[in-house]
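Visitor: I have a model open and would like to go through a few parts of it. Can you take my questions as they come?

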Amino acid sequence: MTQALVAIEGLKVAFSTDHGPVTAVEDVSFSIAPGETVCVVGESGSGKSVTSLSLMRLVEFGGGRIVDGRLRFRRGDGSAIDVTTADAATMRSLRGNEIGMIFQEPMTSLNPVFTIERQLTDGLRVHRGLRGAPARARALELLREVRIPEPERRLKQYPHELSGGMRQRVVIAMAMACAPRLLIADEPTTALDVTIQAEILGLIDRLKRDNGMAVLFITHDMAVVAQMADRVVVMYRGRVVEEGPVAEIFERPREDYTKALLAAVPRLGAMRGKPAPEPMPLLGAEAEAAPPRMTERGRRLLEVSHLVTRFPVKSGPLRLTRAHVHAVEDVSFGLDVGETLALVGESGCGKSTTGRSILRLVEPQSGTIGLDGWDIRSLGPVDLRRARRDMQMVFQDPFASLNPYRRLRDQVAEPLVNFGLARGSALDDRVAELFRRVELPADFGSRYPHELSGGQRQRVAIARALATDPKLIIADEAVSALDVSVRAQILNLMMRLQAEFGLSFLFISHDMAVVERVSHRIGVMYLGRIVEIGTRAQIFEDPRHPYTRALLAAVPIADPRQRRLHDDTVFRPLPSPVHPVGHVPAPSTYDEVEPGHLVLALD
Amino acid sequence: MRRFLSAKGLVGLTLVVLIVAIALVAPLFIPETAGTRMDMRARLAGPSLVHPFGTDQLGRDLLVRVVLGAHTSLTIAGLAVLLSIVVGLPLGVVSGYYRGHLDNLLMRLVDTLLAFPALLLALTISAMLGPSLQNTVIAIGVAFTPYLARIVRGEALRVVQMPYVEAARAAGTSDPMMIVRHILPNIMPQVIVQATISLAFAILAEAGLSFLGLGTQPPASSWGLMIQASRDYLDRAPWTALVPGAAVAMTVLGLNMFGDVLRDVLDPRARA
């Protein structure tokens, strides 16, 4: 291991808090060879980010301290230094020069008040002494290297003028500016859409091969690991659980935790040929039988037709409406009792707005929403309130969807109190029953949201949604913010509840693998319209619309033998959903390629 | 409760209780004449055994006057801040919660008031109403209301967008219940912080009004009046400013610490 570029030995990092020091990472050892991609994978709180920040000694800026261990780094001139004892000047010469870093959030890791050129040449000026024309030339070269179209124009632009994917390319270009020997990428694609994720992963992989650079890739996503890694380090609660070549980790995991992590990852294509959704296998638990089909299936619960929701774009001193964001444009679909319909698509495609329009949390412009005999759009405030008993919502962020100042019991009881469904001891019994249904101990009722983990909170949110015995639950990215193992549990819970109570789910998600697991039918959304809708088998096994195909092709597969890192030159700017007032969009017309399988006819 | 027992909590609580107790009890034990008794041979005298905090330009005992002044200053500041909360809180919540035309109307009104410096506004109101304790409270209270309303509105706008508010709406929560259960508890921390800061400014505002002859009327005593009276003697008898100044400082310090701890106590997240 003397040739290793980085050798981490017995790293221990502690953070000082109000309650004394907390050890975030302990006894972590692994090494990275030159030109190798090492993926550090783990769930939130596993210490994977702390480990990567320690390599640059950036933990110190976040209140952390390297208590023990050595971090040896082989420099460009062949000398080896221990990063833990290096002085501030040496560290500055490492950061951004020999070690580059990419962060998760491309929206905030660029400074909004400087041009792209200024930010790209910053590192060149500090580390290479480049200024003026040579710096500018190098910046252009970098932008070409990360395949940004029209690089000359981009140099003069500000971050807000670029899309998320392009910004992440700029961030990568900045990290590459001084041709680092090691690139640290901390969840670089987590905030990006799946098609852009595929491009960025391909880009990082190509840059690594072209430049012989080593990559330390931090992620929670086993599918991304399978696509990127040469070697994998699995972390859990601040310690290394298992380490090995990627094929070995995926095919012959030794530790239970790695097995559980792999089992909890939904794999695209795993549901091929299966008629109905199936629970995720969970390690340590009995394999659950597929929930029995609801007998009532086939009865229509929700019928949405020609739904249009637009948001005004106001400008000028008089705040006049100059344009509209066409968030939902002529969307129609139906949902049966006991069925799960998934709406999938990338950010901004209108899937969340569709869900919120059905509940009338936003007001649609036109169209009809029929729910079990109610004409939702024609209801007055009193009737709308009553109709909402039949449809409830579970939100994405379990940290924000519960009021931090109220006890959980009161929050779950709130819908019951609002509708006068129960009072006194009947109310207490009902709340206890709801907690039992979502498999939480009843004494959690006296706690506050912050005392619970993300998964537990999401269970409380589901309990609250179940309180009024609704027929329809709209789950808006309900599992997206959860760790994989917790996500599997929540998905299984939702499937069990569906089997038991005949619930219908409108499952809004961007995650194709999860959607394949849980849904009976799927609608693919793009730019406010459903471009393709059909049964799970129809969409996944016989996708017709080019966008559906692109979406499926972009999903990383959790199998290192099926690598498909794309050529990253494909570049499709997303058309804008903003149209001036008076714009009349064409109606959505569909070709029925098979019974129940509709494909949007216009492009 | 344990939070109150932290060092900061204890100091804050002790200071506030002590000062409020002095303000309430002192007038019962010290005859009013004690505050105006002049010792002409000991004008502007430094601290001594007879006058522990020294005397002012008329030879009045500063200890007695600062103790008596606590009552006036705290009553006016407390009531004025209370008034600004009673008016500003509903104004801000309604504005931020309902938005739309009502918000526009209310906020333009608030903006108009904000266009005047708070003290100038208080001065105008006070001048129109005439000098009295009640009118001073109204003047300062009204002058502080737009600031509070603005802060409350901003917070309400933030909270309204939280998913738990949307979840509650989907769960059939009515508007009044939404405000009471979800909006108010989540904006209270900012209201508490603003209130403790306002109290300090209200004490000083009262001083300003008194200086111009519109607030507390001599020979009655208030901290503000004492600070203003000391301005001509800063070089010869700095204690005439230091004594009431220290009283204001202690009160503000105590209130701020108390406010911080109160906010933490009300926040379930901060409870260990």
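Visitor: Which residues of chain B does the UniProt annotation "domain: ABC transmembrane type-1" cover?
Guide: According to that unreviewed UniProt entry, residues 70–259 of chain B. UniProt positions follow the numbering used here, feature names are shortened, and annotations may be inferred rather than shown by experiment. Residues are numbered from 1 along each chain as its sequence is written, with chains lettered from A and ligands numbered from 1 in the order in which they are written. This is a predicted model, where local features need pLDDT of at least 70 and side-chain atom pairs count only at pLDDT 80 or more, while totals for chains, interfaces and linings use all residues.

Visitor: How much of residues 70–259 of chain B is helix, and how much strand?
Guide: The span is 83% helix and 0% strand, and its end C-alpha atoms lie 19 Å apart. Helices (H or I, at least four residues) and strands (E, at least two) are DSSP runs, numbered from the N terminus.

Visitor: And which stretches of chain B carry the "transmembrane region" annotation?
Guide: The unreviewed UniProt entry gives residues 9–30, 74–97, 109–129, 135–152, 191–217 and 237–259 of chain B. Residues 9–30 of chain B are 95% helix and 0% strand, with end C-alpha atoms 31 Å apart. For residues 191–217 of chain B the figures are 78% helix, 0% strand and 32 Å.

Visitor: How many residues are in contact between chain A and chain B?
Guide: 23 residues of chain A with 17 residues of chain B. Contact means that the C-beta atoms, placed from the backbone, lie within 7 Å.

Visitor: Which elements of chain A give two or more residues to that side?
Guide: β16 and α13 (408–418) of chain A. The largest share, three residues, comes from α13(A).

Visitor: Where does β16 sit in its sheet?
Guide: β16 (391–394) of chain A is an edge strand, as is β22 (590–594) of chain A; each pairs on one side only. The sheet is open, with eight strands in the order β16-β17-β18-β13-β19-β20-β23-β22 (chain A) and mixed pairing. Two strands pair if DSSP finds at least two bridges between them.

Visitor: How many bridges join β16(A) to β17?
Guide: Four, and the two strands run parallel; β17 is residues 472–476 of chain A. Met393(A) stands opposite Ile474(A) there.

Visitor: Switching to α7 of chain A: what span should it have?
Guide: Its 18 residues (194–211) should span 26 Å at 1.5 Å a residue, and the end C-alpha atoms are 26 Å apart, which agrees. The expected span is 1.5 Å times one less than the number of residues. Gly212(A) follows α7(A) and has a positive phi, near 60 degrees.

Visitor: Which non-glycine residues have a positive phi of about 50 degrees?
Guide: Arg237(A) is one of them, and Asp330(A) is another. Most residues other than glycine have a negative phi.

Visitor: Where is Arg237(A) found, and is Asp330(A) buried or exposed?
Guide: Arg237(A) is in the loop between β9 (231–236) and β10 (239–245) of chain A. Asp330(A), in strand β12 (residues 320–336) of chain A, counts as buried because it has 20 C-beta neighbours inside 10 Å. Arg237(A) has 15 such neighbours, so it counts as partly exposed. The cut-offs are 20 or more other C-beta atoms within 10 Å for buried, 12 or fewer for exposed, and in between for partly exposed, with C-beta atoms placed from the backbone.

How values were computed: Two residues are in contact if their C-beta atoms, placed from the backbone, lie within 7 Å.
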